[in-house]
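Let's take a walk through a protein chain together, one pair of residues at a time. Keep the 3D view open and follow along as you read.

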Amino acid sequence: MTQLPAAPGRPALSPSAHRDTFCRDNLPPLEQWPELDLGPLAHVDRLNCATELLTGTIERLGADRPCLRSPDGTTWTYGELRGHADRIARVLVDELGLVPGNRVLLRGFNEPWLVACWFAVLKAGGVAVTTMPLLRAGELATMAGMCRPSIALCDSRLLEDLERAEIPDLTTVPFGSTAPGDLCVRAAEQPDGFDDVGTAADDVALLAFTSGTTGRPKATMHFHRDVLAIADTFSAHVLRPRADDVFTGSPPIGFTFGLGGLVVFPLRVGASVLLLERAAPDQLADAVADHGVTVLFTAPTAFKAILASGHASRLAGLRRAVSAGEPLPESVWRDVHEATGVRIIDGIGATEMLHIFIAAADDDIRPGTTGLPVPGYTAAVLDDDGRPVPDGTPGHLAVRGPTGCRYLHGDRQEVYVRHGWNYTGDTYLRDSDGYFVHQARTDDMIVSAGYNIAGPEVEQALLGHPDVLDCAVVGAPDAERGMVVKAFVVLVPERTREVTAEELQDFVRQAIAPYKRPRIIEFVEELPRTSTGKLQRYRLR
Ligand code: 3UK
């Protein structure tokens with residue numbers, strides 16, 4: 001076991017429960033970690049987040065509460081979920097030979113068995129590597145090459161791509177069917193109960209891959225402690241869910257936005273979750289209306305699409321709606337508010353930070369800003385040398401708190417972590433009231449004839465036009481100006497009149513400084529997005 005020395009803000013690691021030392025062996029060197037402000041978790045030495053989220057909640061609130069729901073009416077109580085997870089953990093350990101520290105690749109839709117598998121892996125001291133159903137053989141092979149799983153638990157409907165990935169030394173067990181050999185069948189034959197492995201608070205619990213809007217995935221490493229830290233910061237202080245809430249949302253559990261919003265936050269407080277295998281915007285709106293959902297997690301594009309299809313009123317029963325992944329245009333916030341009375345909580349999060357670190361709810365919300373640092377986190381806007389810039393000036397967003405960036409093998413760690421801060425890669429400004437205002441991904445800033453133009457500001461202006469459904473603004477090379485602003489525009493399908501590029505240019509010129517208007521406009525049917533729903537601006541460039 002590697003014991004690393006302490007430094008200010010970087011406590012020494014506790015003795016690991018992992019017999020397979022792959023994760024500790026491949027942590028970035030301690031001096032390259034961000035500074036951590038652990039808060040109340042600083043003194044916790046042993047911790048298994050699965051024990052806390054299941055047994056901890058059951059001890060406080062009882063085992064009979066509804067926990068996981070499916071649209072077909074299936075409901076598992078907390079006790080049932082723990083029972084399934086215990087029996088799967090027994091299969092993992094007794095039949096598949098899992099030892100603590102082994103990575104287990106999980107592949108499935110958002111549905112109860114995937115969640116049971118995730119808990120089983122953590123109970124057994126394994127490291128969960130949850131992947132998204134949309135990923136194909138090549139991507140799965142790349143990920144497996146990086147994190148070297150020995151076992152894969154895969155939805156029986158999604159086996160094909162995993163098999164085509166031909167991952168060496170991998171035992172794959174399908175789940176979700178009644179076929180002989182299926183994990184669910186094998187688990188049903190196991191006795192009840194399982195003794196959770198007493199992991200260290202700083203043993204790695206999960207490896208999460210970044211969305212890779214530029215196509216190169218990186219694996220981030222998060223501890224058992226971190227899983228609880230996101231519940232005890234963003235969720236406890238900003239979201240403030242109640243035990244009677246019903247959560248749902250669109251992000252895959254393989255994306256940490258979905259893991260937090262659809263597993264960790266509800267289970268920390270004894271709430272229930274409606275898990276949707278398919279959550280296109282209209283299905284999402286219907287699910288909210290039909291199942292009494294009170295807390296929704298999704299991305300800005302889904303809110304846009306729900307508004308465009310005229311179904312926003314289906315969201316009126318929500319107590320909370322969270323938007324993350326991309327900037328939430330102010331017009332979308334206002335339109336949703338007007339149509340439903342719901343005040344969307346915008347929050348910026350990142351895979352490297354595990355979840356959201358700047359956000360605002362209720363009366364703290366200022367539409368058009370992301371909000372304030374989540375209690376437990378500190379945020380700053382810094383210049384290229386790591387010095388704070390004056391309020392109102394754009395610069396690099398830097399954050400720190402109880403969670404932070406640790407790339408597997410320390411690969412490109414020095415790009416994200418500098419001067420003890422996590423640099424998210426976003427250009428932000430802080431206004432005079434301390435609110436953080438998103439400008440653009442730093443790589444997406446457009447420099448045209450000496451002006452700095454933030455693509456998302458132009459996108460917001462375009463979205464104000466009633467016939468614009470979606471758009472993306474990038475810099476296109478230009479001999480005279482260096483770069484010019486170019487917009488890709490998706491028009492509302494059921495528009496009644498012709499829309500020209502000139503009309504949209506004039507419209508933008510009325511809303512923001514004329515030099516920011518798109519000089520080139522291309523009408524397209526749809527925009528390229530990643531499996532986590534993010535615009536791939538680099539593909540448009
Ligand atoms: C961008 C936002 C403006 C921003 C994520 C919530 O998106 C998540 O993680 P990723 O690693 O991407 C991180 C980057 O996405 N971004 C996210 N939220 C916002 N930009 N406003 C926002 N509200 O560029 C950030 O650096 O895919 C989000 C929770 C967990 C997550 N992993």
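Which residue forms a salt bridge with Asp226? Asp226 pairs with Arg406, and their closest N and O atoms are 3.4 Å apart. Here a salt bridge is a side-chain nitrogen of Lys or Arg within 4 Å of a carboxyl oxygen of Asp or Glu. This pair links distant parts of the chain, 180 residues apart: Asp226 lies in helix α8 (residues 224-239), while Arg406 lies in the loop between β17 (395-400) and α13 (413-416). Helices (H or I, at least four residues) and strands (E, at least two) are DSSP runs, numbered from the N terminus.

Before going further, note that this is a predicted model, in which local features need pLDDT of at least 70 and side-chain atom pairs count only at pLDDT 80 or more, while totals for chains, interfaces and linings use all residues. Residues are numbered from 1 along each chain as its sequence is written, and side-chain values use heavy atoms, with hydrogens and water left out.

Are the two partners buried or exposed? Asp226 is buried, because its relative accessible area is 0%, and Arg406 is buried too, with 1%. The cut-offs are under 20% relative accessible area for buried, over 50% for exposed and in between for partly exposed (1.4 Å probe, protein chains only).

Now look at another pair. Asp202 forms a salt bridge with Arg24, with 2.8 Å between the closest N and O atoms. Here, too, distant parts of the chain are linked: Asp202 sits in the loop between α7 (183-188) and β7 (204-209), and Arg24 in helix α1 (residues 22-25), 178 residues apart. Both Asp202 and Arg24 are buried.

Next comes a pair within one helix. Glu330 and Arg334 meet through their side chains in a salt bridge of 2.9 Å, N to O. They are separated by about one helical turn, because they are 4 residues apart in helix α12 (residues 330-340). Glu330 is partly exposed, at 27% relative accessibility, and Arg334 is partly exposed at 41%. Elsewhere, salt bridges that share partners join Lys304, Glu326, Asp470 and Arg529 into one network. The count of salt bridges comes to 39.

Finally, visit Val447 in strand β21 (residues 445-448). Its relative accessibility is 41%, so Val447 counts as partly exposed. Leaving aside neighbours within four places in sequence, Val447 is in contact (heavy atoms within 4.5 Å) with Asn452, Arg481 and Met483. From the C-alpha atom of Val447 to that of Asp226, where we began, the separation is 38 Å.
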